[in-house]
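Dear colleague,

Please find below the sequence and the structure that I am handing over to you. My notes on what was found follow directly after.

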Amino acid sequence: MKTNIGVFFGGRSTEHEISVISASQAMHAINRDRFDVTPIYITKQGHWYTGDALFDVANYRDIPSLLARCREVYMRPVFGDYNLYAVRKSMFGSDKVATLDVVIPVLHGSNGEDGIFEGVLETIGIPFAGCDTLSSANGMDKITMKMILKANDIPVVDYVWFTDKQWFAQRDQLIGRIETELGYPVIVKPANLGSSVGIGRASDREELVACVETAEKYSTRIIVEDMVENLQEINCSVLGDCDDYVTSVLEEPIKTGDFLSYEDKYMGGTKGTKGMQASQKRIPAELPEDETRRIQFLAGETFRVLSCHGVSRVDVIVDRKTRDIYVNEINTIPGSLSFYLWEATGVKFDKLMERLVALALKRNRERSMKTVSYDQNIFSLGGGVKGGIKK
């Protein structure tokens, strides 16, 4: 029998539509001679649906009509139960809709790329591609990520971070710290969003306040970064696991403003229907050979120290004046799964998907050999139990 791949996408995220596009690309790239594919669409309200109508991205123009042709499903949080179950069971027959062998999450942003969904999959124990709960959470949160990278001598720009409650209670002190430690201009970001959502540039105190007020609408944690004014943005994808990985050729996205916007990334003349590969870019990036090698090394090191898995994309900043290189962020489920970078490197999209499935199964085998509990039942030994009540 063929391996059945469950592809999860959509989700409760500001990047919902981009996830649908990326998943559509991925599902159509999977070799159907070798694999079956079960699409699982998560609505913006958090309900799960499956059905053949989900394969056609044009159907998402009318969500109510689409869902009427699909079946609402769920998975039980029981270790070893890889089945999809119908929410509304038919009067006769089983409520089991499908059995999954491996999962490929294509969920961008919060509630999908940040470890929340990965935790569900780890609870069930099903093999899945991509970062686990810990590396997903660390990779998604820009503050935690930069702390880890800095501790491992991976260059990042200077930054100040705080919570929305701290901003409310200590605004003047935080403004003073930002102006003293960073100076203007700065970039203000929600800590745990991607696709440039909620990001703003501030050149003075008034703009800083406005940018923070925008960012705190999306996140409880805010990061303010020193802005490299004459910057060059370069991206590199990494494929494998933290002990064995390869890096792709580099790309230089073409931005229209001070930083790469949502529109630059996803709507470059395509009305948002072709995903990340539709944005304006140079592949390969036109860089000196030593800088290319340095960026690929830093991308790999970022992937390694964050204990990443599957396919990620690392975005770096190059100061055009000094040629200093800084790691900006990692996307643990990158738009379009960065397939265009791998095709430029010599790996076709269908082979990339096969590699992700193989990595998922390999990790699951390795984890199954680790001890997670003892067979010994201490309650059967008799006597009192330390910390308990002895009668």
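A search of the whole structure finds 23 salt bridges, a salt bridge being a side-chain nitrogen of Lys or Arg within 4 Å of a carboxyl oxygen of Asp or Glu. Please note that this is a predicted model, in which local features need pLDDT of at least 70 and side-chain atom pairs count only at pLDDT 80 or more, while totals for chains, interfaces and linings use all residues. Residues are numbered from 1 along each chain as its sequence is written, and side-chain values use heavy atoms, with hydrogens and water left out.

Helices (H or I, at least four residues) and strands (E, at least two) are DSSP runs, numbered from the N terminus.

Lys142 also takes part in a helix contact. Helix H4 (residues 133–140) packs against helix H5 (residues 142–151) at an angle of about 100 degrees, their axes being 5 Å apart. Axes are lines fitted to C-alpha atoms, for helices over the stretch in contact, and angles run from 0 to 180 degrees between N-to-C directions. H4 and H5 are therefore roughly perpendicular to each other, the term covering angles of 65 to 115 degrees. On the H4 side, Asn138, Gly139 and Met140 meet Lys142, Thr144, Met145 and Ile148 of H5, where contact means heavy atoms within 4.5 Å.

Several backbone features deserve a look. Most residues other than glycine have a negative phi, and most peptide bonds are trans. A cis peptide bond, with omega about 0 degrees, joins Tyr184 and Pro185; Pro185 lies in the loop between helix H7 (171–181) and strand S9 (186–190). Another cis bond runs from Ile283 to Pro284, with omega near -5 degrees, and Pro284 is found in the loop between strand S14 (281–282) and helix H10 (289–305). Ser307, although not a glycine, has a positive phi of about 60 degrees; this residue sits in the loop between H10 and strand S15 (309–319).

Kind regards

Notes. Angles under 35 degrees count as roughly parallel, over 145 as roughly antiparallel, 65 to 115 as roughly perpendicular and the rest as oblique.
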